[in-house]
Amino acid sequence: MTLDQIDQMVRAANPVPDPTALESNDPAPTAQDLLQHGATVADLEASPGARTKRRSRLVAAAAVAAAMLLVTATVLIADRGRHARPTRPANPSPSATVPTLPTTPSTTVPLLPKGAASLPSTGELVAAINVRHRGVFRLYADGRLIDVWPAVEQRLTPEGVERVRSRFLSSGLFDSAQPVSEIDGLCPIRACVRDDDHWLEVQVDVGGPTFSRAGPEAVGLFDDLERLASWLPATEWADQRAKPYVSPRIGTCVGVFVDGGPAPFDRSVLLSRLPERAAGVLSAHERSADMESLLLPLDYFTGGRSYPITSSESGCFELTLNEARTLADALLAPPGGGTQEGSVIVRSFGRQSDPSQPGATRQQAAHIGFFQLLPDKWPFAAFGD
Amino acid sequence: MSVSSDDQRRFEALYDAHRPEVLAYCTRRVSTGDAADACSETFLVAWRRIDDVPPPPRTLPYLYGIAARVISNHRRTLHRRTRLQERLRAFGATSPRDPDVLNVQSERDNDVLVALRRLKPKDREIVMLSAWEDLPRDTIAELMGMTRAAIDQRIYRSYQRLARMLAPAAERSPVSPPITETGGA
């Protein structure tokens, strides 16, 4: 097969050969629509709660940026020392510069939470609201009220749970909601509340990646949850302190990559190549179809690849926090051989023979990603900003 | 940000001229619904930087650069919604224009897409920019912050890899000479 043929095949596989065809099926918003949506960013950010959260996120982001800068500078200095190469002159005019594409982030983030796990290990959802770019509150029957950003929990008494649930119902948000017997527990860009033997669920937000278009009822309810201490009676708090929510269960996915691309997942082969202690943790568990359906479509351990990994290319397990800590320690501590790259552990297996090509070898590695789970097992990572 | 009517007119012209290409760029990389969001976000960024948007022929590559960053920055959010779309698909709620559906319309195309997925991310992006966005290699080099020679080499090696992945074992013969550039924006 010639490379010209390959080129033709790649061009033929273009999922959108004719950009104008997209428009005929999907009426495009106008430039005016877009600018109008953009204006709602300011509207939303005008609320005090949003400002407070935004400020704290900016502080956190600044800290992360400073750390990244330090790491990057260190790496660059070290790299320059090793490979002296001529530098290209900087382009003097930003207006003439085409923005370069992003590279894989190299930040080091905590893989697993510290501290004692939040108990009980599972919980039944009572109500939830998710407003883009503001946050997610989830209320559980056992009294836990979890603010998913930045993963803190407070605890209410049963009376407190009931009062907050009533606040959801009286917010006006659910006035036109039709009762349903089951909900998508994630409640993405939605709010939901249990009402007797059924659920009420509504969409609260139809914004975009940088803006929200949540209505006043949703914003009002969210504001009330942010300042719960101002209206919930003291007797209805079991523990008013906001403590870090430490997931007792950790969704753990392992993908195998060959020459940098995803490869078929073979559990027995994987276990035979991992350090004994790490293999011991994973071999005690069956693959979890639930975890795979929840976690695999998330772009977690793929280092910024454009496509989700499938269940044939990776396996997911539901571990306790202690098991996950053991697994991470077994891989990262000498002689585990693993390194943390972003939010995953990468364990290289070196060059291995390729059964499909006798005599050929391929660079192989396992990527292990950890996902904190909420009491009803939804992963934190599912709740984007 | 102070908004002049000139800026607004310029933005409207930019949007009308390039939205289809930017939407297509996004649709080739994420699901249809996410692509619409990413496209809107790309133009919102362009609006905020309207004074920085270069004139043609550099306008579109500039927008692709922004779109790539938008997709990268919001990947987690986008994939969360991709997952939801996949669940909807399980209930039969599939958009006929969904790229995943388009992908499987041809077995051969699907093989190519799977092979593309196995390229390194940067190599894949270069190949896609060349073959799908039809950008000249000099422009790709600028966009990727690399030299033209490096782009040629990356495409050559990527196509070699694709050839190995796509050709039956019996046909794996010595690789033909590098292809010549076939098109440009």
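Contact means heavy atoms within 4.5 Å. With that in hand, welcome to this predicted model, in which local features need pLDDT of at least 70, side-chain atom pairs count only at pLDDT 80 or more, and totals for chains, interfaces and linings use all residues. Residues are numbered from 1 along each chain as its sequence is written, chains are lettered from A and ligands numbered from 1 in the order in which they are written, and side-chain values use heavy atoms, leaving out hydrogens and water.

**Chain A overall**
- In chain A, residues 24 or more positions apart make up 67% of the contacts with a separation of 6 or more.
- Chain A holds 10 helices and 13 strands; these are DSSP runs numbered from the N terminus, with at least four residues for helices (H or I) and at least two for strands (E).
- Of its 385 residues, 49% count as buried, that is, under 20% relative accessible area with a 1.4 Å probe, protein chains only.
- The accessible surface of chain A is about 18100 Å², and 56% of that belongs to carbon and sulfur atoms; the areas come from the Shrake-Rupley method with a 1.4 Å probe.

**The sheet in chain A**
- Strand β1 (residues 125-131) of chain A is joined to the antiparallel strand β2 (residues 135-140) of chain A by 6 bridges, and N130(A) stands opposite V136(A) in β2(A).

**Where chains A and B come together**
- Helix α1 (residues 3-12) of chain A packs against helix α9 (residues 148-166) of chain B at about 85°, with the axes 9 Å apart.
- Residues of α1(A) in this pairing include L3(A), I6(A) and V10(A), while those of α9(B) include Y156(B), Y159(B) and L166(B).

**The largest nonpolar core**
- This core has 61 residues, and V10(A) and F11(B) touch the most other members; a nonpolar core is a set of buried Ala, Val, Leu, Ile, Met, Phe, Trp, Tyr and Cys residues joined through side-chain atoms within 4.5 Å.
- Helix α3 (residues 59-73) of chain B gives the most to this core, with 9 residues.

Definitions and conventions
Two strands pair if DSSP finds at least two bridges between them. Buried means under 20% relative accessible area, exposed over 50%, partly exposed in between (1.4 Å probe, protein chains only). Axes are lines fitted to C-alpha atoms, for helices over the stretch in contact, and angles run from 0 to 180 degrees between N-to-C directions.
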